[in-house]
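User: I have some questions about how labels are given in a structure. Please set each value against its definition.

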Amino acid sequence: MVRKNAKLMTALLAVLTMMMAAASTVTGTRAQSATPAATMSGPVATAKPGQKVDFTLLPKAVGNPVFAQADSGAQEAAAELKSTGKYQFVGPDKADVQQQIEFIKSLTTQKVNVIAISANDAKAVVPALKDARGQGIKVVGWDSPPAPDGRDVFIEQVDFSTAGQVMADMALDILGANGGKFAVLSATADAANQNIWIASLKDTIKTNPKYSKLTLLDVVFGNDDATKSYTEAQGLVDKYPDMQLIMAPTTVGIAAAAKAMQDGKLCDKVKVSGLGLPDDMVSYTKNGCAPEYALWSFKNIGYLTYYTGYLLATGAIKGAAGENYMAGRMGAYTIQKDKDGGLFVLMGPFTVFNKDNVDQFVSAPASAATMSATMAATKAP
């Protein structure tokens, strides 16, 4: 689907680090040709600071560094807006939809004003979210969307329809013009964002002659768990001895796969790419295990999600297609309607990382995800 970027003033992606304090100009960005800048018309809503908004950011699971970045961005927005309400960052200890549903029910009982959710299962969370919305709670999806009838609006980090082309381009960059064989290491089988990105990748390879020499061997799932992802990566190597690349559109999976290839001294034979954090991936980028990968700013997602929820909860916007609003340092956005009737706000494009630009995005020698992957490698058979 071709979606328009509704920003009035396009901001380049922020440095992808857990300790980052503000957005900065970067290089190495691959533009999304499918998302031209939209022309904004009509009034632009602004937030009135100092209002009471009880806001909860509910990730797929706590402990994942990218969700910690989103939490940081949301807290930045909450402080900027001087909300007198309670801010919470809570969620399951692993990517488990039943645990997530229990959190939704608890937050509904607490009568929070906003539930901002990255859904573990797009459809399974809808009944609980419908109940929350029925009691006046605003629901903002982010990262991984709940189905349209379970949310007011979704903050779409990038144009999901371009993810397949971005991954296919990276595969060709790594493997060369003659292409090659690769497999996908995903998160959970029910993760809406993962499934859309993989479907986009499959469609890109099937319909665009440029990518006809890329062969997708398999799709496996590491459940966003470092140990399982490490083991699944090893399993792919054993099952497909002629495989040349593992594409992992998950920050946990890509770090674990790169560690598995490094530990097995396979980096010359099997490369790793996908969606990853520079802090987690810098060593693998420089040693050639993961020469190229992409992502966006999770801190910006958290920031924009909080602003959107605050404006909805205070009545500054109603959550209707065509509404424009300002989101602090990130500028102006427009709510748009998807082909399935769901409402969304498009944040911005992918940034592609490689050895030439990765140092610009790194703030620490190792992040929690890298250490987790390392621990997993130690435990893995």
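User: How many bridges join strand β12 to β13, and do they run parallel or antiparallel?

Analyst: This is a predicted model, in which local features need pLDDT of at least 70 and side-chain atom pairs count only at pLDDT 80 or more, while totals for chains, interfaces and linings use all residues. Residues are numbered from 1 along each chain as its sequence is written, and side-chain values use heavy atoms, with hydrogens and water left out. Strand β12 (residues 324-326) is joined to β13 by 3 bridges, and the two run antiparallel. Two strands pair if DSSP finds at least two bridges between them, so β12 and β13, with 3 bridges, count as paired.

User: What makes β1 and β13 edge strands?

Analyst: The open sheet of 3 strands has the order β1-β12-β13, with mixed pairing. β1 (44-45) and β13 (332-334) each pair on one side only. Strands (E, at least two residues) and helices (H or I, at least four) are DSSP runs, numbered from the N terminus.

User: Which strands does helix α9 touch?

Analyst: Helix α9 (residues 298-313) packs on the sheet and touches β12 and β13. Contact means heavy atoms within 4.5 Å. The direction of α9 makes about 120° with that of β12; axes are lines fitted to C-alpha atoms, for helices over the stretch in contact, and angles run from 0 to 180 degrees between N-to-C directions.

User: Why is Lys82 called exposed?

Analyst: Exposed means over 50% relative accessible area, buried under 20%, and partly exposed in between (1.4 Å probe, protein chains only). Lys82 has 58%, so the label is exposed. Lys82 lies in the loop between α1 (65-81) and β3 (87-89), and its phi is near 55°, a positive value in a residue other than glycine.

User: How do you know that the buried residues of α3 line one face?

Analyst: In helix α3 (residues 126-134) the buried residues are Val126, Ala128, Leu129 and Ala132. Seen down the axis of α3, they fall within an arc of 160°, so they line one face. The arc is that of the directions from the helix axis to the C-beta atoms. The face turned away from the buried side carries the exposed residues Pro127 and Gly134.
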